[in-house]
Amino acid sequence: PKALRELKMLGEVLEEKVLKPTNLSGARWLPLHYRALLIACQSYRVFVAHFEEIISPDRPRKSSPTQIGRAKNLLKFMKDFECLLFMFFMCDILHCLSQLSLTFQTDDLTVGEALEKYEETCLQITDLVGDGTGIWQSKVMAALITTPGIYDGVELNNVNATASATETRMRVKEDICSSILRHLDDRLKDLSQDSILAQFKALDPSTWPNLDHHDFSSKKSFIESGKQNVITLHKHYISIFRWTNVSVESLLSEFVGYKTYALSRRNIGLRTLFSDIVRTPNTKSKFPGLATLMELYLIMPISTACCERGFSCMKRIKNDWRASLKTPSLTRLMYLSLEGPHPDVFDARAAVHRWWGSGLRKRRPGFNPNQQEVVLEDLTAELHEIEGSDETGVPLAIPS
């Protein structure tokens with residue numbers, strides 16, 4: 001607490017806002033590490049000044065040898081040019097992964113959106129290999145061009161890196177990016193180009209080739225695009241199509257008609273396009289087989305974020321102080337917390353009135369809030385009538 005208080009006081013002197021460094025131990029390691037590294041990058045000058053103050057011999061309150069040794073090691077790391085670039089490189093890496101993680105935490109995520117974000121993240125991480133720089137690395141390089149050897153008012157060590165140091169830095173960046181890409185490919189292999197989920201991209205108008213109505217080869221290429229994916233989907237969901245009596249020939253015929261229908265609607269978004277087709281009886285009857293695939297696309301679970309969110313909600317509601325909640329009550333409270341309206345827009349009067357009159361015995365004998373409202377309304381109406389009929393101009397006393 002004393003060190004944190006000193007850090008905040010130092011930030012006030014330097015006119016910079018210092019956020020509290022977060023704990024790295026937790027179940028959700030990605031946001032914790034990214035938040036901690038982000039604080040270190042944003043408040044870099046304050047942390048360096050804080051460690052310099054700890055090791056200063058003129059400090060009024062002497063630090064322990066352990067604190068001084070730890071501060072010297074951290075200060076040596078933060079003022080080293082290569083270490084600074086590595087710290088900001090990891091901040092760029094965690095930024096890309098955190099955006100992917102936030103996308104998978106949304107409730108209404110579809111297959112196409114997940115695949116698009118996954119491919120975007122892989123490209124962003126690949127771009128960081130070698131001389132590629134992200135948002136935070138670009139910030140450091142721009143500052144070093146303006147003030148060589150100095151970043152955020154801090155003079156760096158080993159700025160003139162040797163060729164071997166540069167080669168080592170590039171090799172480390174490549175190893176980290178390759179390891180992350182391999183892990184993502186193994187973890188999200190169901191979203192790869194060869195998976196059944198990726199076959200749904202054939203229904204996305206944005207993936208179709210451009211159509212030239214005056215070119216026969218362009219028309220042929222446009223019609224044939226995605227047919228093999230549709231055949232693969234029909235083969236995979238053959239049990240459903242047998243039950244709905246949809247053959248592969250009829251599905252391909254629907255697909256050609258669907259291209260004509262969706263070509264002029266490619267700007268409204270795939271989710272909106274599928275929802276409109278499924279909810280409209282005319283279009284659903286026009287594309288019965290494709291409507292089945294669209295329903296599967298819209299309801300297919302991509303992540304377990306909603307389940308994890310439910311566990312967190314249950315732990316938040318049924319705590320040590322409310323451990324005797326029964327299952328029906330807990331279910332209702334969890335449903336209100338997850339699916340209910342926001343408290344700012346919820347009108348609780350109907351629920352309160354129902355609660356008041358649903359008990360087996362009176363909540364407060366001799367008191368009825370509904371009857372009191374009726375009496376107040378009748379009294380107000382009588383007062384308005386009296387004021388309207390009075391001609392003396394003498395103000396009337398309103399009973400309390």
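Contact means that heavy atoms lie within 4.5 Å. The model is predicted: local features need pLDDT of at least 70, side-chain atom pairs count only at pLDDT 80 or more, and totals for chains, interfaces and linings use all residues. Residues are numbered from 1 along each chain as its sequence is written, and side-chain values use heavy atoms, with hydrogens and water left out.

**View 1. Ser-225 in the loop between H9 and H10.**
Ser-225 is buried, with a relative accessible area of 19%; buried means under 20% relative accessible area and exposed over 50%, with partly exposed in between (1.4 Å probe, protein chains only). When its neighbours within four places in sequence are left aside, Ser-225 is in contact with Trp-208, Pro-209, Phe-255 and Lys-259.

**View 2. Buried and exposed residues of helix H10.**
Helices (H or I, at least four residues) and strands (E, at least two) are DSSP runs, numbered from the N terminus. Helix H10 covers residues 227-236, and Lys-227, Val-230, Leu-233 and His-234 are buried in it. These residues lie on the same side of H10 because they cover an arc of only 120° around the axis, the arc being that of the directions from the helix axis to the C-beta atoms. Gln-228 and Lys-235 are exposed, on the face of H10 turned away from its buried side. The cover over the buried residues of H10 includes helix H9 (216-224), helix H11 (238-244), helix H12 (248-263) and helix H15 (288-299).

**View 3. The largest pocket and its lining.**
A pocket is an open set of points on a 1 Å grid over the protein atoms alone, where a 1.4 Å probe fits, with protein on both sides within 12 Å along at least five of seven lines; lining residues have an atom within 4 Å of a point. About 1400 Å³ of space lies in the largest pocket, a volume being the space filled by probe spheres set on the points. Its lining has 34 residues, and Leu-30, Ser-101, Phe-104, Gln-105 and Arg-187 lie nearest the centre. At least two lining residues come from each of helix H2 (29-42), helix H5 (81-104), helix H8 (163-187) and helix H16 (305-317). H5 gives the most, with eleven residues.

**View 4. The chain around these views.**
The chain has 19 helices and two strands. Of its 400 residues, 32% count as buried. Among contacts in the chain with a separation of 6 or more, 65% are between residues 24 or more positions apart.
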